[in-house]
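Please look over the structure below with the following notes beside it. They take up one interface and then a single residue.

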Amino acid sequence: MPSTDRQAVILAVKRAEASGLQVVCVAVLGHKADLGFMAVGPDLWQLRRFQTDLQTAGLVVVDSYVSLTEVSEYAAGVPDDMKQARLQPSLPPEGMSAFCFYPMSKRRGERDKNNWYSLSFEARKELMFGHGSVGRHFKGRILQLITASTGIDDWEWGVTLFAVHPDDLKDCVYTMRFDEASSRFAEFGPFLTGIVASVETVLSEVVHDA
Amino acid sequence: MPSTDRQAVILAVKRAEASGLQVVCVAVLGHKADLGFMAVGPDLWQLRRFQTDLQTAGLVVVDSYVSLTEVSEYAAGVPDDMKQARLQPSLPPEGMSAFCFYPMSKRRGERDKNNWYSLSFEARKELMFGHGSVGRHFKGRILQLITASTGIDDWEWGVTLFAVHPDDLKDCVYTMRFDEASSRFAEFGPFLTGIVASVETVLSEVVHDA
Amino acid sequence: MPSTDRQAVILAVKRAEASGLQVVCVAVLGHKADLGFMAVGPDLWQLRRFQTDLQTAGLVVVDSYVSLTEVSEYAAGVPDDMKQARLQPSLPPEGMSAFCFYPMSKRRGERDKNNWYSLSFEARKELMFGHGSVGRHFKGRILQLITASTGIDDWEWGVTLFAVHPDDLKDCVYTMRFDEASSRFAEFGPFLTGIVASVETVLSEVVHDA
Amino acid sequence: MPSTDRQAVILAVKRAEASGLQVVCVAVLGHKADLGFMAVGPDLWQLRRFQTDLQTAGLVVVDSYVSLTEVSEYAAGVPDDMKQARLQPSLPPEGMSAFCFYPMSKRRGERDKNNWYSLSFEARKELMFGHGSVGRHFKGRILQLITASTGIDDWEWGVTLFAVHPDDLKDCVYTMRFDEASSRFAEFGPFLTGIVASVETVLSEVVHDA
Amino acid sequence: MPSTDRQAVILAVKRAEASGLQVVCVAVLGHKADLGFMAVGPDLWQLRRFQTDLQTAGLVVVDSYVSLTEVSEYAAGVPDDMKQARLQPSLPPEGMSAFCFYPMSKRRGERDKNNWYSLSFEARKELMFGHGSVGRHFKGRILQLITASTGIDDWEWGVTLFAVHPDDLKDCVYTMRFDEASSRFAEFGPFLTGIVASVETVLSEVVHDA
């Protein structure tokens with residue numbers, strides 16, 4: 001970080017946006033990172049170029065998560081505009097600067113009833129519907145984006161939450177943990193928390209010279 | 001650490017306190033860190049600025065835990081002053097310089113009776129009440145602060161203990177481990193132990209030049 | 001990476017190919033690596049020389065997986081050309097630039113029915129046949145290479161997938177996860193994802209100077 | 001280590017001993033460390049000062065374990081001199097230069113009969129008595145010190161063994177592993193092995209200049 | 001590695017051998033290490049001196065395993081020359097340059113029948129005899145050395161295999177995995193694979209200047 005070239009970071013973001021990527025910039029809290037980027041776009045080479053540009057600007061990439069937007073098999077019947085919002089989300093949402101990201105997988109426990117992948121499609125669909133109902137209680141306070149990473153990264157999905165207030169992040173994830181789709185079947189990876197802002201603001205708050 | 005600017009660390013603490021944060025400073029024992037800070041306040045940007053100031057002063061942030069004060073759902077009926085003590089604690093408590101911190105989660109075991117999140121609210125409330133009774137035996141020897149981190153950091157809660165004597169930390173946590181809320185349902189992360197003192201004292205004891 | 005000698009990397013690949021190794025070059029996405037090489041050949045010293053040449057060129061080897069091509073015991077009856085394709089694959093396949101690699105093992109759960117190595121050969125063969133059927137749905141979209149590493153590296157097999165489109169990687173692995181050979185018996189290591197290209201292209205996209 | 005100031009290390013040990021700490025110095029085998037110190041005393045600040053002195057002398061603290069001497073609840077009835085030997089041990093024992101340290105916890109398995117903390121005090125006391133009997137077979141060959149770390153460090157106890165011969169360490173721990181207190185209830189952390197000697201001898205054997 | 005003094009490494013090996021240690025030198029494949037040494041001898045100080053000499057020569061010790069040769073309790077009745085081969089093996093065997101090492105422990109599962117340390121001596125002896133029978137199928141292709149590390153290092157045994165061909169390593173470990181002593185009771189640590197050669201050959205193949 002001492003050798004970070006702030007102008008080059010800003011240019012990397014501008015170049016990525018010009019090439020068609022959406023870029024969300026986050027001031028990360030704690031030791032896991034100083035700043036983070038969420039980049040969304042249709043082409044892997046564009047994403048890799050953005051990464052290389054950030055590295056050239058002096059940033060060290062200490063963590064990452066690679067995943068794909070998708071309309072899940074349980075959402076085949078939702079209206080087209082909702083499908084579109086999942087495949088090509090508009091980020092970041094306005095007025096929601098509290099941010100968290102975590103990866104998760106569905107448990108394959110020793111008991112068949114604890115093994116998500118041994119359930120029928122109908123049983124899974126019902127559980128996911130109940131799960132979604134809990135989530136809908138937080139509409140307006142939370143925007144959630146689920147991206148798929150089975151075969152792509154170490155967990156099966158990535159969950160990105162944007163919230164009005166940090167307490168909303170906790171309230172939402174805590175409440176959903178009692179839902180059976182989570183209580184019996186969810187396994188969670190590390191959680192990353194931060195504040196969404198413009199790249200200029202984030203850089204001015206987190207770059208240090210030591 | 002060799003390049004730590006002690007005056008800049010002290011100024012970072014003063015600046016944080018002036019902006020409304022409470023800051024507890026700890027001389028940490030062992031390889032996990034040399035010193036630690038517990039900062040409490042209403043605004044994430046303030047916390048991030050404090051972190052950036054410490055980094056600018058030459059400290060390397062090797063670990064962290066992000067969490068939120070809360071009145072838990074089981075404590076909805078406690079008197080207002082007790083709620084206030086949890087939401088806006090006054091730290092550090094006087095005369096309690098032995099310190100430990102550890103994160104924890106509630107177990108979601110394969111058997112339903114070992115899955116905290118499959119229990120009814122009443123069953124959980126009863127277990128938490130019994131758990132609290134054990135803790136109250138240590139009143140005067142231990143001050144405990146529980147902060148919430150579901151959706152925020154890697155475990156579900158952070159536990160901070162201040163004690164008169166290091167043995168109190170061990171006696172309290174050991175005794176509670178036999179309580180069913182712990183014995184059947186608790187999973188513990190890493191434990192950090194240290195000594196609370198003024199930032200000046202801590203710096204003079206732990207900063208080294210090698 | 002700042003000190004990488006691009007010409008020396010290219011020469012290392014050419015020298016390896018001249019000595020009889022097949023080399024696939026990958027631009028890796030995310031923090032796990034910048035670039036990756038998959039090298040296939042009959043002689044361990046050749047592989048070690050290739051590694052030494054890459055290190056001499058300034059690359060730091062941050063991860064690796066050592067495994068052996070094989071005709072598994074379940075494939076004893078397949079035609080000779082299919083055996084040959086497994087023992088001496090021709091890599092990379094044309095038109096498939098999306099790439100992932102992950103290691104896996106067969107679970108030895110506490111219950112006998114969850115312990116792969118307690119099953120009879122017939123039961124395992126039947127499960128593997130069903131597993132292969134799912135995989136054959138992705139013919140043309142995915143080329144899969146399974147290499148063996150029991151006794152050689154930390155997991156029992158390495159799985160390399162080449163795909164036309166990144167979504168194919170996810171669709172294939174996600175679909176197979178519901179097959180009993182996976183749902184009940186598979187344990188997965190870390191997943192690495194990238195883009196196959198010539199060494200010159202990969203170097204020009206990922207090498208940075210910071 | 002190249003920059004270690006041997007005289008400063010020796011002075012750090014002397015200063016610690018002068019302040020009332022007992023210090024055992026160990027030449028560690030393998031990559032986990034080059035040398036190790038076991039320091040015992042009544043005051044956390046003294047221990048922290050010893051750590052800071054060693055760091056100032058150029059040592060990098062790569063691992064540590066913080067724990068407290070205790071008379072366990074199962075030993076309430078032992079003679080006073082045995083209690084004293086546990087609370088204020090005299091270290092190192094004469095003629096026992098083979099050394100190992102490992103932390104451990106009692107298992108809280110899914111089955112109640114595998115959950116140490118669900119057992120009655122009487123059941124635990126009986127198991128610990130049987131465990132102690134096995135240990136007493138090694139009297140004269142092994143000196144064992146158990147220190148408590150529930151709430152203090154990542155495991156519940158630290159076990160330090162001093163032996164006449166390295167084989168004694170293995171024979172003792174291996175034999176005790178068949179005892180039910182271990183076979184059903186013990187979970188073990190990493191093991192560190194080395195040779196006890198004077199700080200001067202250890203430094204002359206392990207400090208290197210590369 | 002760039003600063004490795006090859007002559008000093010060779011001298012360290014010669015000095016160790018002169019002092020009575022047997023030293024096997026291995027060119028390691030992959031990121032876990034560049035080269036490895038297996039040293040066998042009766043005195044811990046000699047082993048520590050060899051380690052210090054290698055470090056002084058510029059090698060960084062990134063991994064290690066400390067264990068003791070033994071005649072296991074199940075082999076009490078084998079002929080004296082077989083006991084001798086286990087206590088004082090002659091290494092490396094001729095014509096076997098493929099090498100792997102892995103540590104392992106016996107499982108203590110939640111079910112008594114999956115807990116090795118709850119079995120009777122007779123049951124364990126029978127399982128180990130069956131296990132040995134499988135191993136004897138590989139005579140001439142594999143030489144195996146089991147060393148004991150309960151109480152000494154993080155797993156209970158170290159397994160070193162020398163083979164004529166790398167496929168032998170895989171065939172042997174894979175075949176034994178179906179034996180009940182492995183399928184029900186074995187837990188495996190990381191696997192290291194390489195090629196045995198003289199120290200001069202290994203150095204000339206793996207040392208690089210980057």
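1. Across the interface of chain E and chain C, the rule finds 8 salt bridges, each a side-chain nitrogen of Lys or Arg within 4 Å of a carboxyl oxygen of Asp or Glu. One of them joins C:Asp112 to E:Arg184, with the closest N and O atoms 3.2 Å apart.

2. This is a predicted model, in which local features need pLDDT of at least 70 and side-chain atom pairs count only at pLDDT 80 or more, while totals for chains, interfaces and linings use all residues. Residues are numbered from 1 along each chain as its sequence is written, chains are lettered from A in the order in which they are written, and side-chain values use heavy atoms, without hydrogens and water.

3. Contact (heavy atoms within 4.5 Å) links 42 residues of chain E with 36 residues of chain C. Chain E and chain C bury about 3500 Å² between them, 54% of it on carbon and sulfur atoms; this is the accessible area (1.4 Å probe) lost on being put together, summed over both. In chain E, the most area is lost to chain C by E:His31, E:Lys170 and E:Glu205, together 19% of what that side buries.

4. Where does B:Ser105 lie? Its place is in strand 4 (residues 98–106) of chain B, strands being DSSP runs of E, at least two residues, numbered from the N terminus. B:Ser105 counts as buried because its relative accessibility is 9%, and buried means under 20% relative accessible area (1.4 Å probe, protein chains only).

Methods: Buried area is the accessible area (1.4 Å probe) that two parts lose on being put together, summed over both. Helices (H or I, at least four residues) and strands (E, at least two) are DSSP runs, numbered from the N terminus. Buried means under 20% relative accessible area, exposed over 50%, partly exposed in between (1.4 Å probe, protein chains only).
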